[in-house]
Amino acid sequence: MVSVSPHLYRQAGALRKIDPALIERALTQSAPPERRDLPAILTLAHLAHLTGADPVYLRSVARREKEGYRTFFIRKRSGGRRLIAAPEPVLAEVQRWIAANILNKLTPHPASYAYQPGSSTIKCAKLHLGARWLIKVDIHDFFESIDERRVYCVFREIGYQPLVAFQLGRLCTRISAGKSVRNSRWHSNRKMASSGIPEYSDKLMGHLPQGAPTSPALSNLASKNLDDCLERVARKYDLTYTRYSDDIAFSTGGQFTRAQALKLVVEIERVFFSFAHELNRKKITIAPPGARKLVLGLLVDGNKLKLPRYFRERIRDHVRGIKKFGLANHAKVRNFASVWGMVRHIHGLLMYARAIDANFYASYEVEFDAALRNQGFVTPAEPTK
C-alpha cells in the first residue's frame, strides 16, 4: 500500500521535501487498485522495490532488450511438441509476485474453470451431466494468441496508470522468434507506448509465454470478453457453456440437430477470429445422442461422472506390470525417470479415481498397495519412519 492514510503520506512527503504535486499524483494513481485491495504500483522502480528486483533489469525486459526466458520443447499427449518459455529466476520471482499479489486475487468469468483455487476439471465436467448433444472445440496455441494489448487492458481495468500497465504487460509477455512482421496481430500498437519513450516501440507484439507464472491467470482475465461472447452464443442455442483453458464445451439435454451444431461451430470460429484466436479444426467434436461424451477426460452421458475405460485400463496396466515385472523393470519400460516418480504418478491417478468412482479406487488401491509392499516399498499415503 502507498499509504494507510493519505494524511500520513502527505506528512511523510513533506518531511522528505517532496513536491506536493508529486505526492498528490501518487495518491491519485494508487487509489483505484487499493480500493480493490491490490497493491499500488507507481513506477517500474516502485515495482522493483516491492519485489526486490533490479530496476535496470526490469527496464531492459520491458524494453525488449533482454529476452528473459529459456525455451525448450515438451511432448504433447496428442502428439507433436509444445514450446515452453521458462523465465529467468529474477523475472520468474517478479512474475510470481504479480500473480500472488494481483492476478490471483481477481475473479475470472464464471464459465472459466482452469487456473483458480477451488476449481477443477470435475466441477467443470459436472455441468455437462445428462447431455444429449455435446460440441467441443479447442483454441490453437491459446496462450500465444493472447497478445500484450489484451494483457495491458487487464492491468488498465484494475486501475493502474497507462505506463505502469504497459510495463506490467511487457514483463508478463515475450516475443517469439520467427513470428512474421507481416502478420498484423503481432504488430506492436505504438499508442500503448508512452510518448517520449521510443525504446518502448517495437515491431512485433508480445504474447503470453507458456511457462510464466503469470500466464495462467492472465489467460483467464484477458479472456473475459471472449467468455462473454461465447456465453451469448450458448444462450442463443439454449446450451451450457464452459471453458477450461483452451478446452471449450457446449452441451444440451434437450432437442438439437447436427445442422445446428455445424452452424454453432461457424459462429464459434467467428468469435475466435475477432479475438485473434484460431480454431483447432483437428479437435472439433460433435457427439449426438447415443455417442460417447467426454468432457475433460470424464464421461458425462448419465447422471453422474464416470471414468472412461482407457483411464481404468491405465491403472490396471500399471498395477499388473508392477506385480509381474517388478517396480524397476516396469518403470524402465514405461519411461519413468525413477521408481519413486512412477509410484507417485500412479498414486495420483488413484486419488483422481477416488473422486469419481470410490469402488474402483478401493479395489485397485488395495492391489497397488499390496504390490508395493511385496517389494518393500512404502506407499506415498503412508508416513515414512
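## Helix pair H10 and H11

A crossing counts as left-handed if the near helix is turned anticlockwise from the far one by less than a right angle, and as right-handed if clockwise. By that rule, H10 passes H11 in a right-handed crossing. This is a predicted model, where local features need pLDDT of at least 70, side-chain atom pairs count only at pLDDT 80 or more, and totals for chains, interfaces and linings use all residues. Residues are numbered from 1 along each chain as its sequence is written, and side-chain values use heavy atoms, with hydrogens and water left out.

The axes (lines fitted to C-alpha atoms over the stretch in contact, with angles from 0 to 180 degrees between N-to-C directions) of H10 (residues 224-236) and H11 (residues 258-274) come within 10 Å and cross at roughly 160°. That makes the two helices roughly antiparallel (over 145 degrees). Leu226, Cys229, Leu230, Val233 and Lys236 in H10 meet Leu264, Glu267, Ile268, Val271 and Phe272 in H11, with contact meaning heavy atoms within 4.5 Å. By class, that's eight nonpolar, no polar and two charged residues (Ala, Val, Leu, Ile, Met, Phe, Trp, Tyr, Cys and Pro are nonpolar; Asp, Glu, Lys and Arg charged; the others, Gly among them, polar).

## The largest pocket

What sits nearest the centre of the largest pocket? Arg82, Asp138, Asp246, Asp247 and Lys283 do, out of 48 lining residues. The lining divides into 20 nonpolar, twelve polar and 16 charged residues. Strand S3 (residues 133-140) gives the largest share, six residues; strands here are DSSP runs of E, at least two residues, and helices are runs of H or I, at least four, numbered from the N terminus.

How values were computed: Parallel < 35°, antiparallel > 145°, perpendicular 65-115°, else oblique. 1 Å grid on protein atoms, 1.4 Å probe; cavity = no way out; pocket = protein on both sides within 12 Å on 5 of 7 lines; lining within 4 Å.
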